[in-house]
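Subject: Structure handover

Hello,

Here is the structure I said I would pass on. Please open it alongside this message, and my notes follow below.

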Amino acid sequence: MLKQCIKDENYCISMAASEKTLTNKCTTNEGWTVVLPRRSRQRRKATKSGVLEEKQEPWTPTDSQTDPSKEATLVQKMERCINRIERSEFYHTFRDQIQTSVVDYFNRVLGSEIKMQMVIYGIGSIKLYEPPRLQLSLAILMRRDFSWIGNIEVFDPILSATESRVLEALGCSVMSINEHGRREALKPTMFFMPHCEAELYNNLLQANWKLNLLKNMVLFGNSFETYEQHVSLCKNSPILNSMGHILAAQGFTNEFRIQTVSDDYYNAFHDSSWHFFSPLLETELPIINS
């Protein structure tokens, strides 16, 4: 098992040789190993509803200098990765799914808008690891192939200055604020979050726990159905405290799993799904203290 846990404590990416869920240390006989995300030590503030919320803080890369030769090398590496995915059966299957089984859901989120912005949280180090490069390549290909996908914003607290420059060279913008996953979907927004920790998905749902915001969201990330199945096997898991919104959203979530097709893309995309949210009544959105 390859596991990358980031010292910032806000993100934990776990890539296993078997199906992955990010919860606590509870191993089932199906081969799942799940990891409890660390609690952030950063300051939090209480909202009027009493829910603790991380303070959004300005962010800059920890390293202030870039190396043009390293930038050029990483750009070339990304371009090779993009070309590789573009020619793959995996991408053809992925693109076909968007154009067929989920196209109506995308159109419903778009409504009368022409573009859907993309927000990428927790991408990981594109310099050090192949799965983040594959994930970013997929996002870039989607923007190239679907005219309704607009600007791409990216954030991960571990991004280096070199990686930030490369992201910009590839047409993305790097956020200067650590939102802790709490962006409100005031307009149609695709949140591209493959293999993030459960707490980050929960933060996102909590920030958008209103009818008018949830309908503007599309989420690409870990399967919520898998989270629910795992929780049913680990009923006393402490991770339940940071999964309240994920579990409560199951009643109005339409989930569509993707096919990894081959082992080449398994580590980067296994157990990933499209999620669309369609609550009809405020009563479907209970107050949750997590």
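His195 lies in the loop between β10 and α6. This is a predicted model, and the notes should be read with that in mind. Phi of His195 is positive, about 60°, although the residue is not a glycine. As a rule, most residues other than glycine have a negative phi. His195 has a relative accessible area of 0%, so it counts as buried.

Asp271 is another residue of this kind: it is not a glycine, and its phi is positive, near 60°. You will find Asp271 in the loop between α10 (266–269) and β13 (272–277). Its relative accessible area is 10%, and because buried means under 20%, Asp271 is buried.

Is His180 buried or exposed? At 3% relative accessibility, His180 is buried. Along the sequence His180 is 124 residues from Gln56, yet in space the two are 7.0 Å apart, C-alpha to C-alpha.

The whole protein

The protein has 290 residues, and 56% of them count as buried. Its secondary structure consists of 10 helices and 13 strands. If you take the contacts between residues at least 6 apart in sequence, 75% of them join residues at least 24 apart. The accessible surface is about 13,300 Å², and 48% of that belongs to carbon and sulfur atoms.

Helix α6

How many of the 10 residues of helix α6 (residues 198–207) are buried? The count is 10 of the 10, so α6 is largely enclosed by the rest of the structure. Among these buried residues are Glu199, Asn202, Asn203 and Gln206, as well as Leu200, Leu204 and Leu205.

In helix α5 (residues 161–169), the buried residues are Ala161, Thr162, Glu163, Ser164, Val166 and Leu167. Their cover includes α1 (68–86), α4, β7 (149–155) and β8 (173–174). After α5 comes Gly171, which has a positive phi near 95°.

The axes of α1 and α5 are 9 Å apart, and the two helices pack at an angle of about 50°. That angle makes α1 oblique to α5. The crossing of α1 past α5 is right-handed. On the α1 side, the contact is made by Lys70, Glu71, Leu74, Val75 and Met78, and on the α5 side by Thr162, Glu163, Arg165, Val166 and Ala169. Sorted by class, this contact of α1 with α5 has five nonpolar, one polar and four charged residues.

Helices α2 and α4

Helix α2 (residues 89–99) packs with helix α4 (residues 130–145) at an angle of about 50°, and their axes are 12 Å apart. α2 is therefore oblique to α4. α2 passes α4 in a crossing that is right-handed. Which residues meet here? From α2 come Phe90, Tyr91, Phe94, Arg95 and Ile98, and from α4 come Leu138, Leu141, Met142 and Asp145. In the contact of α2 with α4, seven residues are nonpolar, none is polar and two are charged.

Regards

Key. Residues are numbered from 1 along each chain as its sequence is written. This is a predicted model: local features need pLDDT of at least 70, side-chain atom pairs count only at pLDDT 80 or more; totals for chains, interfaces and linings use all residues. Side-chain values use heavy atoms; hydrogens and water are left out. Axes are lines fitted to C-alpha atoms, for helices over the stretch in contact, and angles run from 0 to 180 degrees between N-to-C directions. Helices (H or I, at least four residues) and strands (E, at least two) are DSSP runs, numbered from the N terminus. Angles under 35 degrees count as roughly parallel, over 145 as roughly antiparallel, 65 to 115 as roughly perpendicular and the rest as oblique. A crossing is left-handed if the near helix is turned anticlockwise from the far one by less than a right angle, and right-handed if clockwise. Contact means heavy atoms within 4.5 Å. Ala, Val, Leu, Ile, Met, Phe, Trp, Tyr, Cys and Pro count as nonpolar, Asp, Glu, Lys and Arg as charged, and the others, Gly among them, as polar. Buried means under 20% relative accessible area, exposed over 50%, partly exposed in between (1.4 Å probe, protein chains only). Accessible areas come from the Shrake-Rupley method with a 1.4 Å probe; for residues, only the protein chains shown count as cover.
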